Amino acid sequence: MKWMRSVPFLLIIGLIVADDRPIPSTLDGPFLPVTRRFDPSLRRGSDDLPMDHPRLRKNVSYNFPEQISLAISTPTSMWVSWVTGDAQIGKNVTALDPSSVASEVWYGKKSRKYTSMRRGVSTVYSQLYPFEGLLNYTSGIVHHVRIDGLEPETKYYYQCGDSSIPALSKEHMFETLPLPSKSSYPRKIAIVGDLGLTSNSTTTVDHLVENDPSLILMIGDLVYANQYLTTGGKGAPCFSCAFPDAPIRETYQPRWDAWGRFMEPVISRVPMMVIEGNHEIEPQISGVTFKSYLTRFAVPSAESGSNSSFYYSFNAGGIHFLMLGAYTDYNATGAQFAWLKEDLDKLDRTVTPWLVAAWHPPWYNSYSSHYQEFECMRQEMEHLLYEHGVDIVFSGHVHAYERMNRVYNYTLDPCGPVYITVGDGGNIEKVDVDHADDPGKCPSARDNIPEFGGVCRLNYSSGPAEGKFCWNTQPEWSAFRESSFGHGTLEVKNSTHALWTWHRNQDVYKEENHGDQIYIVRQPDLCLPTTKVT
Ligand SMILES: [Fe+2]
């Protein structure tokens, strides 16, 4: 029995050793590539939550707000969005009148003692499939109100709705982020990709809540409503296997409403910044696309000088975020590129030292899935981001985790961004497990055709994979990859150091076991010698 008494002691020693391990930093890199394969004791996928799941059910009456969410507008203002009324689905649907219910937000620094009220806009959208046997959808009334005059790092209480009915929401609370400054940063930023609405998504969101972020980046493929028929039937676990005979890719739009309810407990108190993924395209009648995504979310496009909701920028403390569109024109001659250049030229790195970019499909990716899919976008935009010293790039799309060594133009570079893929939020499709360098897993020319833009497959021009499309071992630019569900958090400590942590879903009850953790360290003197950083 003596050995049993020693077990707790050994466990304690083990924990101390684990805690004492120094967290690596990017200054220790470039790192030799490491692969951790999928743990076969876990499931690679899970079914979607049913529409009658308690977290998906509507639980307010007709004119009362639901699906409440926040998004940053400017450092002193916030978008508050919600939905009222009932969506309809059927052969014939009649759009609700958006003016039938007001859009008001009452808010102030003390609970139930509101000192301000702002009115906003309301709208509806329809998803129309004029084909035999397919059903049409028209949404509830979507409201967006911009509340302003907010003080930094301050708690605000609010209710939204229509006070004349009266039909106001219950009271919610949020905390504003710090003003742009090299000495103030958001407490913790959560980064989530390809979330969906499964039991794995539930674990991801519960885990995220436990991590208590003050800001969320939702980097595309939110709901997966396009894995369904318009009747709500068939939640398909893979994109290409769904609906081969349908005249158009169908969607079940009530999944969006369900997702809004699922997320409300988090995003009614923590701002969520979205960028579009391929699952948001949702083509319908007359070639209309992205209707649900564009209607449901408020993003600070006008505030950041962008004329498009497909790309924008915003500040949170000393971080400037670039949210870029991969499913809209990204060419160097296009409007997004011109806006991006202007946005970058205006940057003052003495005020916002950190520059973080996000878009949905990764440029650097060694998994077979989506391998080199957005190579055209990389070739158009990479040099501009590199010249302006982007520190970190977050992407999703690939349903697994991967952190790159600092890289530029497929060459290790101490001033290249740290690219990180976190498309592992837990959607109905499975975790990606194949690597392009695994025997027989290098994608063929027919694989990985992007849903926007062109095909720019590239054989490497130098290095161990010279003349080849795939490496035969994990590429040197891939520092660490693991096939698992999870999400990430970024904690910026000061103008040069940020702690990045990848939280695997299976680690939810033992947080000392991180999937990956590293200090991302900026070197402005080396990489931005012409920028004054005090
Ligand atoms: Fe995607």
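How many helices and strands are there in the chain? In this predicted model, the chain holds 7 helices and 28 strands. Its radius of gyration is 23 Å, close to the 24 Å that the globule rule gives for 534 residues, so the chain is as compact as a globular protein of that length. Along the principal axes, the C-alpha trace spans about 70 × 65 × 55 Å.

Of its 534 residues, 57% count as buried. Among contacts with a separation of 6 or more, 72% are made by residues 24 or more positions apart. The accessible surface comes to about 21600 Å², and carbon and sulfur atoms account for 53% of that surface. The chain carries 47 positive and 61 negative charges, whose mean positions are 5 Å apart.

Asn200 is placed in helix α2, which covers residues 199-211. With a relative accessibility of 15%, Asn200 counts as buried because the cut-off for that class is under 20%. Its side chain makes a polar contact with the side chain of Ser46, at 3.2 Å. Setting aside residues up to four places away in sequence, Asn200 touches Gly45, Ser46, Gly425, Gly426, Phe485 and Asn505.

Glu491, in turn, lies in strand β26, made up of residues 486-492. Glu491 is buried too, with a relative accessible area of 17%. Beyond its neighbours within four places in sequence, Glu491 is in contact with residues including Arg187, Lys188 and His497.

Most residues other than glycine have a negative phi, and most peptide bonds are trans. The peptide bond from Gly29 to Pro30, however, is cis, with omega near 0°, and Pro30 lies in the loop between α1 and β1. Another cis peptide bond joins Ile165 and Pro166, with omega at about -10°; Pro166 is located in the loop between β11 and β12.

Arg112 sits in the loop between β5 and β6 and is exposed, with a relative accessible area of 55%. Asp212 belongs to the loop between α2 and β15, and its relative accessibility of 38% makes it partly exposed.

Methods. Residues numbered from 1 in each chain as written. Predicted model: local features only at pLDDT ≥ 70, side-chain atom pairs only at ≥ 80, totals over all residues. Heavy atoms only, no water. Helix = DSSP H or I, 4+ residues; strand = E, 2+ residues; numbered from the N terminus. Rg over C-alpha atoms; globule rule 2.2 N^0.38 Å. Buried < 20%, exposed > 50% of the residue type's maximum accessible area, 1.4 Å probe, protein only. Contact = heavy atoms within 4.5 Å. Areas by Shrake-Rupley, 256 points an atom, 1.4 Å probe, with all protein chains shown as cover. Lys, Arg positive; Asp, Glu negative; His and termini not counted. Charge placed at Lys NZ, Arg CZ, Asp CG, Glu CD. Polar contact = N/O pair within 3.5 Å; in protein donor to acceptor, adjacent residues only side chain to side chain.
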